[in-house]
Amino acid sequence: MRAEEFLSRLDGVKSLHSGQWMARCPSHDDSTASLGIREEADGRLLIKCFAECSTQSVLESLGLTFSDLFTERYLGHHKPINRRWTPRAICELMGASASNVALLWERMQNRKLTDEEFAIFRSELQNIILLGNEALNG
Ligand SMILES: [Zn+2]
């Protein structure tokens, strides 16, 4: 399956840069975008829920299977699958979460956060912790 086709099944898709996206995870109640999607040069799609849903449960929520993450082109080869996120990708995701935290923190100086804002604040902080663990344990 190509990335555009996969992304069209998701909500809240934001593009990080070429070949990398974040979207709302279909497998848990995701108030922010904690599902990372990466398209490798060889056409594989790597997905990772930073709230720790398994890849299988994310795929099941979308009615897909592991083979949908591969293109025909890739299935012709039999290379081992590398599911690791690069430190660079993790840093970018952490940076995105940290700037949301900073923004909400500033708002908090002037007024009380709404329940929704507070939920985002908490979940972004949680994302930063999960990403830190990902970087350590990869
Ligand atoms: Zn999830």
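## Starting at Leu35

Let's start with one residue. Setting aside neighbours within four places in sequence, Leu35 is in contact with Met22, Ala23, Arg24, Cys25, Ile47, Cys49 and Val58; contact means that two C-beta atoms, placed from the backbone, lie within 7 Å.

A word on the model: it is predicted, so local features need pLDDT of at least 70, side-chain atom pairs count only at pLDDT 80 or more, and totals for chains, interfaces and linings use all residues. Residues are numbered from 1 along each chain as its sequence is written.

## The whole chain

There are 5 helices and 4 strands here, running α-β-β-β-β-α-α-α-α along the sequence. Helices (H or I, at least four residues) and strands (E, at least two) are DSSP runs numbered from the N terminus. Buried residues make up 22% of the 138 in the chain, where buried means 20 or more other C-beta atoms within 10 Å of a residue's own, with C-beta atoms placed from the backbone.

## The core

A nonpolar core is a set of buried Ala, Val, Leu, Ile, Met, Phe, Trp, Tyr and Cys residues joined through C-beta atoms within 7 Å. The largest one has 21 residues, and Met22, Ala23, Leu35, Ile37, Ile90, Leu93 and Leu131 touch the most other members. S2, S3, S4 (45–49), H4 and H5 each supply at least two residues of this core, with H4 giving the most, 4 residues.

## Helix H4

So what does H4 (residues 87–110) pack against? Its buried residues are Ala89, Ile90, Leu93, Met94 and Ser97, and they pack against strand S2 (20–23), strand S3 (35–39) and helix H5 (115–137).

Definitions and conventions:
A residue is buried if 20 or more other C-beta atoms lie within 10 Å of its own, exposed if 12 or fewer, and partly exposed in between; C-beta atoms are placed from the backbone.
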